[in-house]
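Q: I want to learn to read a structural model feature by feature. Can you take me through one?

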Amino acid sequence: MTAEETAGRPSAALRTEALEQLLVERGLIDPAVVDRLITTYETNIGPLNGAKVVAKAWTDPAYRERLLADGTAATKELGFGGPQGEHIVVVENSAKDHNVVVCTLCSCYPWPLLGLPPSWYKDPAYRARVVREPHKVLSEMGLDLDADVRITVRDSSSEVRWLVLPERPAGTESLSEEELVELVTRDAMVGVAKVAAP
Ligand code: FE
């Protein structure tokens, strides 16, 4: 949806609620089923899936290459796909190049890898400000990057859902893939944090 189409319309949340109510009233959907779907994405399909993708990319150079070349196919290799996971593009963070993800229009997010977006991701202030002043916004969120680090803001949409491959922290060379999974956080895969060494 373009900005023009969004302007003057009620918020997506409001429209979604109205639509759900209508469907429930007409007997077309069962609210319990909707709740179950939300719970599934909130608790069962959480950032752990994304963390497995990251840990595999850190330990398997060939997989890392496939992941950066075609995120959708490479994440499907590990069994992750489905709604909001159709067009995954993965970008790699390094000490000098940092990527951070936003959806400036709504809250597009790679559900199968990270679960449902946190509330700050949907906050109009984050969506507007991270584009204009990324260094400042990241610093407010606890990530202080040197002024010479190049930050690229990635705008997610229905066409592209960005996922950040965070930098593997120093001192983790001896850790197994399973141990590395534990270190990877949701915020690091959105690009508002780094992965810390244990
Ligand atoms: Fe969106």
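Q: What should I know before starting?
A: This is a predicted model, where local features need pLDDT of at least 70, side-chain atom pairs count only at pLDDT 80 or more, and totals for chains, interfaces and linings use all residues. Residues are numbered from 1 along each chain as its sequence is written, and side-chain values use heavy atoms, with hydrogens and water left out.

Q: Which protein atoms are the donors of the iron ion?
A: Donors are N, O and S atoms within 2.8 Å of the metal (3.2 Å for Na, K and Ca); water is not among the atoms, so sites may look incomplete. Here they are C103 (SG), C106 (SG), C108 (N) and C108 (SG), at 2.1 to 2.7 Å from the iron ion. The donor residues follow the spacing C-x2-C-x1-C.

Q: What is the geometry of the site of the iron ion?
A: Ideal angles are 109.5 degrees for four tetrahedral donors. Four donors count as tetrahedral if all angles lie between 85 and 135 degrees; four count as square planar and six as octahedral if opposite donors are over 155 degrees apart and all others between 65 and 115; anything else is irregular. The angles among the four donor atoms here run from 78 to 128 degrees, and the site is irregular.

Q: Is C103 buried or exposed?
A: Buried means under 20% relative accessible area, exposed over 50%, partly exposed in between (1.4 Å probe, protein chains only). C103 is buried because its relative accessibility is 2%. C106, at 34%, is partly exposed.

Q: Where is H98 placed?
A: Helices (H or I, at least four residues) and strands (E, at least two) are DSSP runs, numbered from the N terminus. H98 sits in strand 2, residues 97-102. At 3% relative accessibility, H98 is buried.

Q: Which side chain makes a polar contact with that of H98?
A: A polar contact is a pair of N or O atoms within 3.5 Å; within protein, one must be able to donate a hydrogen and the other to accept it, and residues adjacent in sequence count only if both atoms are side-chain atoms. The side chain of H98 meets that of N93 at 3.4 Å.

Q: How many aromatic pairs are found?
A: Rings of Phe, Tyr and Trp (its six-membered ring) pair if their centres lie within 6.5 Å; planes under 30 degrees apart count as stacked, over 60 as edge-to-face and the rest as tilted. The whole structure holds four aromatic pairs. One of them, W120 with Y126, is edge-to-face, at 5.1 Å centre to centre and 75 degrees between the planes.
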